[in-house]
Amino acid sequence: MTISFRSTVAKAALAAVAAPLLSVGAQAATITISCGNNAADVEFCGKFAEDWGKKNGHTVKMYTPPASSTDQLALLRQQFAAKSGDIDVLMIDVVWPGVIKDHLVDLKPYSKGVEKDHFPAIVANNTVDGKLLGMPWFTDAGLMFYRKDLLEKYGVKAPQTWDELAAAAKKVQDGERAAGNKDFQGFVFQAKAYEGLSCDALEWVYSYGGGTIVDAKGNITINNAQAAKALDTAASWIGTIAPQGVLNYGEEDARGVWQNGNAAFMRNWPYAWSLGQAADSPIKGKIGVAALPAGTGPGAKKAATLGGWQLAVNKYSKNVDAAASLALYMTSAEIQKKRAVGGSYNPTVMSLYKDADVAKANPFMVELLDVFTNAAARPATATGLKYPEVSQAFWDASHDVLSGKAKGADAVKKLETKLKQVKKAAW
C-alpha cells in the first residue's frame, strides 16, 4: 500500500484488501469494495459483490474496515491524502458526504435517475453542490431491544420513558442476579468515546427536548438545562443498571453481552435483530424491538439518531466506470431486499417497506417505519467539514459525564465554549 499507518489496527484493517474475494479467469478490471465489519456485513456484502463480478467479468476484492466509524474515517482521510485508489467502492457513513466531498465521484451520470426510488431525505443528504456523492445502501435508527420473556416473567411492560426503562432494568437485573446469574445487566449501550456515543447521547439529549447540539441554521444550542439533565440521567445508569465496562462498549461489545443472554435491554442498530434470531443464538425467539424511550420535561419525545450507510466511488479509482456499476448494483432494490430479508438491513428503497417478504423477516421494520423516517439527524449538514471536530467534542463531553468526571450542566457549558472555538466565524 502507498500509505503509512500509525496504528496496528489500521494496518490490520487494510491488510484485508490484499485477499481477493474471487478471481475468475482474465478479468477486465479488479475492483475492491468496502463492506462492514460484523459477520452479517461480510456475508451480505461479499456474496452479492461476487455475483456482480461473475456477471460482468471482473475480479472483486473485499475490504473489511475497522469496527469504529471514527477509525474508518481517519483511515479514509489518510488514503485520500495519498490519492490512493486501493479501495474503489467506499462504504460511507450518513454524516460523511460533506466531510469528504472532494474525493468522491458524482454518481448522477451513472444512476439514470434511480435515486428517485430511495428516501428523498437520504438522497438530499448525499447530494453536495449538486453532485450525488453516494447511493443510499441502508438506513438506520437507534432502537430499543428487550427480552420479551424476562419482561413477562417480572411483570414489566416495554418502557415508554427512560425513567421507566431504568426501573424495569433494575427489577429484571436484581431478579436474574438473585437467581444465580451474577453477570446479568439491566441495560447495555454504546458509551466509549467515539462516534457511537455521539449517536446515543444525541438520542438522550433530543428525547429530553435538549435539541441537536447545533441547529439547522448553525446555532450552537447544546448549553441548556434539558441537555444537561439528559446526560446526568444517563450517568446514573453506570454502575446501577449498566456495568462500568459499558464506558468502553461499541456496538458489537453491547451486542455480545445482550446476545449471550446477559442483559434485559440494549440500545443498538437494526442489524442486531437478525444476528439475535440466528439458529445458534441463546436468545432466539425472545427478542422484542421498540422505539427508544422518551425523556421527561419540556419538549420531551421519543428520539432515535439517524444512521445508515451509502456506497460511494473513490475519485482516485483506476476503474471508475466499473466501480460505479458495482455501487449501483449493490444499492439496487433487488439486493436491498435480499439484505433486508437475510441481514435485517433497513432498505432505502421506499417500496420495499410494502414487500411481504421483508415484513415477514423483520416485522419491526414496518411497525417502526416512522422511527426510521423521522429520526434525528446529527448536525453534519450544518457544520460541514468541521463535523468530525463537533462530534468529538460532543462525545468527549458526554463521556466525561458518564464517567463521573463532570456534571451535565458544567459539561454542556464547557462544550458550548469548545464549539464556539471550532466554529470561529462560521462553519
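Predicted model: local features only at pLDDT ≥ 70, side-chain atom pairs only at ≥ 80, totals over all residues.
**View 1. The largest pocket and the residues around its centre.** The largest pocket holds about 520 Å³ of space. Its lining is made up of 31 residues, and those closest to the centre of the pocket are N37, A67, E251, W269 and W309. Sorted by class, the lining of this largest pocket has eleven nonpolar, ten polar and ten charged residues.

**View 2. The elements and domains that surround the largest pocket.** Two or more lining residues come from each of the helices α3 (69-81), α8 (195-207) and α10 (251-259), and likewise from each of the strands β3 (89-93), β6 (135-141) and β11 (306-313). Because domain 1 (30-140 + 307-371) and domain 2 (143-305 + 379-423) both give residues to the lining, the largest pocket lies between them.

**View 3. The second largest pocket and the residues around its centre.** The volume of the second largest pocket is about 380 Å³. This pocket is lined by 21 residues, and A121, N125, L306, A375 and A377 are the ones that lie nearest its centre. In the lining of the second largest pocket there are 14 nonpolar residues, together with five polar and two charged ones.

**View 4. The elements and domains that surround the second largest pocket.** The elements that contribute two or more residues to this lining are the helices α5 (120-126), α16 (369-373) and α17 (380-383). At least three residues of the lining of the second largest pocket are drawn from each of domain 1 (30-140 + 307-371) and domain 2 (143-305 + 379-423).

Definitions and conventions: Residues numbered from 1 in each chain as written. Heavy atoms only, no water. 1 Å grid on protein atoms, 1.4 Å probe; cavity = no way out; pocket = protein on both sides within 12 Å on 5 of 7 lines; lining within 4 Å. Points joined across faces, edges and corners; volume = space filled by probe spheres on them. Helix = DSSP H or I, 4+ residues; strand = E, 2+ residues; numbered from the N terminus. Nonpolar A, V, L, I, M, F, W, Y, C, P; charged D, E, K, R; others polar. Domains from an automatic or database assignment.
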